[in-house]
Every structure is written in C-alpha cells, then in structure tokens.
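Subject: Structure for you to look at

Hello,

I am passing on the structure we spoke about. Please open it first, then read the notes below.

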Amino acid sequence: NLGGFMEKNIRKVFLLIILVFTIVSCDLKNAEKAFESGGYVTAVRYSVKYLDGKKKFPDNKESKKIMSNLEYIVKHYEDGIKNSDSIENKILNLKDLREIRILLDNKPYDKYISFFTSKYSVEILSEELAELYYKVALNNEKTGNYREAEKNFLEVKSVYKNFGSYKNADELYLTNRKKANEKEAGENYNTAKSYEAKKNYCDARDYYNKAYQIYQEHGDYKDTKDLYTQNDKKCKKELSEKYYEEAKKKEATARYKYEYRELADLYYKSYDVYKFYGTVNDANEKYKLYKEKGIVRIYLENDLENIMRDNLNNSGIEYVYSSRDSDIIISIDKDVRYNTFPERRDIRKLNEEGNHFREISIIRENELWTRININVRGKSAYTNSREYVKKSYYREINYDGSYPSKYKNYKEGRYESESTLFSWIMEEVKDDILRDDISRIDDIISGI
C-alpha cells in the first residue's frame, strides 16, 4: 500500500543521511588528527574532501576551524621557505606548499581562500620549485654526480610539465643520463677487465654484460659485445669440462640404474652448457649411452583405468609389453562383491476421520564392496590394499483410497546401478592412490 511504500523509502533516505553525516564527520576528524600531528598536506586533503561535499561553503564552526588551520599551515610553509638553512629544506617546504595549492585549485569556494590562492598560482609555485631542482642538478653535474643530476632534472621536468619545458632541463636530463650510464658502464668494464686478467671468465662475462646493458640505449660501449662473447665461450668451456670430469670420476664405480641416470644428467649438462659454440668432448654421446642404461622398464600387469600410466611422474621410465623385459611389474587389481537386497513392500490399512485408505511403502537397497590391491615386484617391492563400500537407498510412500489432505505421496533417496556405485568408489581410489601411493612408487623407481 501507499503508506507502507512511503514509510520504506523514508527509512532509506534517513539511513542515507546518517551515512553521509558519518562520512563527513570522519573527514573532519581525520583532518584535525593530521593537523595536530604535523601532517599538513593530509590535513588539507581531508578538509578539501569535506568542503567539496557541501553544495555551498558552510557558515559553521567546522569551516572556521578549517580556515584557521589553513592560515596557520600556509604561514608555516612560508616561514619554512624563508628561514631554510639549505636548498634541500627549502625544496621540501615549497613542494608541500605547491601540493596544497594544487589541492585548492579552481574550487567554487575560492573567494574564502583567496588570501592563499590569489597570492600564489600553481604555475608560479611550480616555476619556483623547478628552479630549485635545476640549481641542485647543476651543482651535481658540476661535481660529477651525474646520476643524481639526472634525477634532479627529471624532477624539474615532472614539476613543470603542465606549463611546457623549463629552460634546457630536457636536454640536460638526457646529457646527464648518458654521462651517468657511461660512468657506470666504465666501472663495470674495468671490473670485467680485472676478472678477465685473473682468468675468472664467468664473472668477467657478467660484468661485460652489465656494462653493455647500462649503455645500450646510447649504442655499444667500447668492445663489450665482443669481450662478452669471448669470456662467455671460455666460461662455458670451463663449466663443460668441470661437469665432464665429475661424470668421469663417478663413471668408474657406477653399477645401478640410478647411478647411470646421474651420469646422464652430468654428461647432458656438459654438452648443453657449451652447445651454442659447438662441442669440446663426447659428452652428448655419453649422455645418450647412460640415459638408455638408466631407464627403468615397467610392465603394467593390471592398470585399473590407467591410473599408473597417467600419473607416474618419473622421467626415467619406459613401459614395456612383457614382464621378462621389465625391471619392475606393477599391478592394480580389484575384488568386487555386489549385493542387491530384496525389495521390501509394506502395506498398512488406515482409518482416520471416517476415511479408509492404505499406505504403501516400498524400499530398495543395494551395496558394492570393493578391495583395491596394489602390488609392485621385481627389483623392488611394494604392496598396499584398501577396502571401499558404497550403498544406495530408495524409499517411496504412496496412499490410495480416500485419505485426508495432510497425507502426501513422497520419495526419498535414489537407487543407483552397480556401475554408478563403482564410479563413486573409483573417484576415492584415484584420490587415495594419488595422495599416498604414486609418490612412494616414484621413490622406488628413483632408487633402482
């Protein structure tokens, strides 16, 4: 009805008013808290948020407090700029004053804050701040601190970007960036030369690469590309020989497949690390030889729904088609017993409120019991067995005759087929095998 509709909407409006009042109250509290702790930019930001939420400048004690705080803040930064004992402190004060001026730019209540906004424009404050950064940058350039000069000229560009380019800051930024990159590239180049003289080719390569990367935007730095390649080749040759010698020492005593796989891994590293430049030994042939000798051959006697084939993660395996050719035999088989119980039918004669009727109850049940057996035999052994039971139940009650309306025909449960019960069991079987058995069998394979 109309009364209920109006009451509902009035409640919504009332809640909205409370919400708005709460938000506004939070802005004022946050502004005052920031002001008291010396966070003057934050205080102005919250004050602006409060004032922007008003349709017109409020004539209340809160706005008077905001104006009083703003006057204090402006004077605080003016005094800070005037009395700064260093150009760095002057920058900090001017930077905050400029940010406050930006926060208060083009506001509908500008006439109330004109003591500040008419005195300073954003452009004037930006120009003054840019000039300070410019002076610091020139001094850093003069003393050879090119990276800091680059950062300072970037600050100049950032501060003044809305008003065009400031003096020749764009050009000097690029000049000092190049000088800084050249200086750092030279330092890395000299370090690389020192490592190269000591025949530490890997570290020499890395420092030549650093020098190249640092200076890349300006072109090639000296002969870094050629020297990088020369030292990379020498470094990788040493690594290749190191892996090869390590493998040769282990080769003399290797007897088991897992040892052959370790040899294959070392020989592959020896081959792979140098393959870009060619070959220095027979590492690739040795890798192929021991990879073949290290393969664990598996015969899957029974693999229920391909659980093993799909989930064994060991890379050193090969499936064979005969147990005679295998190192281990894996079998997953099942024992199944399915029971379906006789249908139970119960008929009750009822007499209620002069009505004679019957209640007919039908119950159907079945059950599937399954045992899963996992067996590993051959060069290693592992067994595990689990039992699973799944049931389904269905009940149906019907009434016939003249029966009161409170009696309703209904059904509960569901009678499932044997195949459905088995699919439920297999979901659990796969989860259990993946959780417990696969990793153990992987470990067995790794140890052969």
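A nonpolar core is a set of buried Ala, Val, Leu, Ile, Met, Phe, Trp, Tyr and Cys residues joined through side-chain atoms within 4.5 Å. Please keep in mind that this model is predicted.

The largest nonpolar core here has 43 residues, and Ile 100, Leu 104 and Phe 153 have the most contacts inside it. Two or more residues come from each of helix 1 (2-36), helix 2 (40-52), helix 3 (61-83), helix 4 (87-103), helix 6 (122-142), helix 7 (146-160) and helix 8 (169-197). Helix 6 gives the most, with eight residues.

Leaving aside residues up to four places away in sequence, Phe 153 touches Tyr 134, Ala 137, Leu 138, Ala 169, Leu 172, Tyr 173 and Asn 176. Another core, of 28 residues, lies apart from the largest one; Ile 330, Ile 372, Val 376 and Ile 441 are among its members.

The structure also holds one disulfide. It joins Cys 202 to Cys 235, with an S to S distance of 2.0 Å. The two cysteines are 33 residues apart and link distant parts of the chain: Cys 202 is in helix 9 (residues 201-215) and Cys 235 in helix 10 (residues 224-251). The link is right-handed, with 90 degrees about the S-S bond.

Are these cysteines buried or exposed? Cys 235 is buried, because its relative accessibility is 0%, under the 20% cut-off. Cys 202 has a relative accessible area of 22% and is therefore partly exposed. Cys 26, at 38% relative accessibility, is also partly exposed.

Regards

How values were computed
Residues numbered from 1 in each chain as written. Predicted model: local features only at pLDDT ≥ 70, side-chain atom pairs only at ≥ 80, totals over all residues. Heavy atoms only, no water. Disulfide = S-S within 2.5 Å. Helix = DSSP H or I, 4+ residues; strand = E, 2+ residues; numbered from the N terminus. Buried < 20%, exposed > 50% of the residue type's maximum accessible area, 1.4 Å probe, protein only. Contact = heavy atoms within 4.5 Å.
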